[in-house]
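Please read the following account alongside the sequence and the coordinates, moving from a single side-chain contact out to the chain as a whole.

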Amino acid sequence: EGQIRGIQKMIEEKRYCVDIITQMHSVIGALYGVEDEIFRKHLDGCVVNALKGKSEREKQAKIDEIIELVARFRKTA
């Protein structure tokens, strides 16, 4: 949140565009880091538990969910 406010302030102060873009890239990198950690925890928890379970329907649902998520990531990269 603080970094976003910092970017807003940089824009208001009409700071150099390259500096603003650099700061934005820093925020994006931080978000990717959080995204990676949440995805890892989802795989280690929810997905592993579903795959260890007895329900074939639940297993397939989790596999489909991950495939869809990875496809969505690929489109935004």
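The structure holds one aromatic pair, where rings of Phe, Tyr and Trp (for Trp the six-membered ring) are said to pair if their centres lie within 6.5 Å. The ring centres of Phe39 and Phe73 are 5.6 Å apart and their planes stand at 80°, so the pair is edge-to-face, given that planes under 30 degrees apart count as stacked, those over 60 as edge-to-face and the rest as tilted. Phe73 is partly exposed, its relative accessible area being 27%, on a scale where buried means under 20%, exposed over 50% and partly exposed in between (1.4 Å probe, protein chains only).

All of this comes from a predicted model, in which local features need pLDDT of at least 70 and side-chain atom pairs count only at pLDDT 80 or more, while totals for chains, interfaces and linings use all residues. Residues are numbered from 1 along each chain as its sequence is written, and side-chain values use heavy atoms, with hydrogens and water left out.

The chain contains three helices and zero strands, and it reads α-α-α along the sequence; helices (H or I, at least four residues) and strands (E, at least two) are DSSP runs numbered from the N terminus. With a radius of gyration of 19 Å, well over the 11 Å that the globule rule gives for 77 residues, the chain is more spread out than a compact globule; the radius is taken over C-alpha atoms, and the rule is 2.2 Å times the number of residues to the power 0.38. Along its principal axes the C-alpha trace spans about 60 × 25 × 15 Å, and buried residues make up 14% of the 77 residues. Of the contacts (heavy atoms within 4.5 Å) with a separation of 6 or more, 26% are between residues 24 or more positions apart.

The loop between helix H1 (2-12) and helix H2 (17-52) includes Arg15, and Lys14 lies in that loop between H1 and H2 as well. Lys14 has a phi near 55°, a positive value in a residue other than glycine, and at 73% relative accessibility Lys14 counts as exposed. Arg15, by comparison, is partly exposed, with a relative accessible area of 39%, and, leaving aside residues up to four places away in sequence, Arg15 touches Met10 and Ile20.
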